[in-house]
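Please keep the sequence and the 3D view at hand while reading.

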Amino acid sequence: LMSEMRETVKQRFNTVGSRRRFWESLLDGPVPEMVFGGQDDAAKRAIQAAIDTDDDKSFTQGEVYLVGAGSGDPDLLTFKALRLMQKADVVLYDRLVSPAVLDLVRRDAERIYVGKKRDYHAVRQEEISANLVSLAQAGKVVVRLKGGDPFIFGRGGEEIATLADHNIPFQVVPGITAASGCACYAGIPLTHRDYAQSVMFVTGQLKDGSLNLNWDALVQPQQTVVIYMGLMGLSVLCSKLMEQGMSADMPIALVERGTMPEQRVLTGSLSTLPAIVAGETMHAPTLIIIGEVVALHDQLAWYEGESNSV
Ligand SMILES: C[S@@+](CC[C@H](N)C(=O)[O-])C[C@H]1O[C@@H](n2cnc3c(N)ncnc32)[C@H](O)[C@@H]1O
């Protein structure tokens, strides 16, 4: 790719010094990531744009990396996530990104909080997307850090759709989603030859006090169900599952701040957990796991964090 462009660069810059500065500046920018990420066409366009620009200081075009930050423990970041966090000029991050993860962002990168709270979007989705576009257009290396995996209940699809509409090069980096992180750190295998052959990820957000879920699909045997954003609707969820025929004794766990030092795991059954949780002060984020596999927690729990499991 580089040799293909070499001639054009030679014609555009007539001194060795200016050519050297061109390539150095280009290699500091997003082009190497594009090549690593198999985006040869985007890399060619970025090089061409750099050649075409009149301003020798703005050789590089920005790029946006939509990066999954995992479920909390910084050791669960991927190498790619860490590498890009170290390279970023600007990082836009959510409330779910743990402080320990944020500590690993390049020291002099600009950090912009765009966190969302339930029922209240600190910065509206359109604003975040517009911000990503203008930062990339200004030539910045932009990391959009999102809790867990950007494509699991993370609105990642919407953010990159805006980038695609504006022809901004982007890449998406998967992260350890809450279901994986919480289940592993709670000692609850999501599938198990004896107890569960399938697993379902569901959002449990209440709408007008009720839950609009496909109940038939949820009460299937030999299945684990993981509910994101379900704490507020826990009682409704448990009653409805029992009404739909799931056993009142079905094991269920609530994992609070999974994979973080403060992780707590509350376990019970569909008929007992809501009362157990009501007696506790809970801290977000929390994840619900339902299924026979939850019973294995007593035997397989291994992570103690800094506080005791209940
Ligand atoms: C908007 S969703 C984002 C999910 C994220 N994209 C992922 O893949 O994990 C937020 C929900 O994820 C769950 N969650 C995320 N991190 C968690 C953690 N460390 N412990 C427990 N639940 C977590 C909670 O149910 C929380 O309400």
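The model is predicted: local features need pLDDT of at least 70, side-chain atom pairs count only at pLDDT 80 or more, and totals for chains, interfaces and linings use all residues. Residues are numbered from 1 along each chain as its sequence is written, and side-chain values use heavy atoms, with hydrogens and water left out.

**The ligand site**

The ligand is surrounded by 19 residues, where a residue counts as near if one of its heavy atoms lies within 4 Å. The closest are S71, D149, I152, T177 and T286. By class, this shell holds 11 nonpolar, six polar and two charged residues. Here Ala, Val, Leu, Ile, Met, Phe, Trp, Tyr, Cys and Pro count as nonpolar, Asp, Glu, Lys and Arg as charged, and the others, Gly among them, as polar.

| Residue | Backbone atom | Distance to a ligand nitrogen atom |
|---|---|---|
| S71 | N or O | 2.8 Å |
| I152 | N or O | 2.7 Å |
| G258 | N or O | 2.9 Å |

On its own the ligand has 570 Å² of accessible area, of which the protein covers 88%; such areas come from the Shrake-Rupley method with a 1.4 Å probe, and for residues only the protein chains shown count as cover. Two or more residues of the shell come from each of α9 (178–186) and β12 (286–290). Helices (H or I, at least four residues) and strands (E, at least two) are DSSP runs, numbered from the N terminus.

**The nonpolar cores**

A nonpolar core is a set of buried Ala, Val, Leu, Ile, Met, Phe, Trp, Tyr and Cys residues joined through side-chain atoms within 4.5 Å. Buried means under 20% relative accessible area, exposed over 50%, and partly exposed in between (1.4 Å probe, protein chains only).

The largest core has 22 residues, and L237, L241, I252, L270, I288 and I290 touch the most other members. Among the elements that give two or more residues to this core are β9 (223–228), β10 (251–256) and β12. Helix α11 gives the most, with four residues. Apart from this core lies another, of 19 residues, including Y65 and L84.

**Two buried residues**

Which element holds T224? T224 is placed in strand β9. Because its relative accessible area is 0%, T224 is buried. The side chain of T224 reaches the backbone oxygen of L190 at 2.6 Å.

R144 is found in strand β6 (residues 141–146). R144 also counts as buried, because its relative accessibility is 0%. The side chain of R144 makes a polar contact with the side chain of E159 (2.8 Å). A polar contact is a pair of N or O atoms within 3.5 Å; within protein, one must be able to donate a hydrogen and the other to accept it, and residues adjacent in sequence count only if both atoms are side-chain atoms.

**Backbone features**

A cis peptide bond, with omega about -5°, joins A284 and P285. P285 lies in the loop between α12 and β12.

F153, in the loop between β6 and α8 (156–165), has a positive phi near 45° although it is not glycine. F153 is partly exposed, at 38% relative accessible area. T259, another non-glycine residue with positive phi, has a value near 70°. T259 lies in the loop between β10 and β11 (264–269) and counts as buried at 1% relative accessibility.
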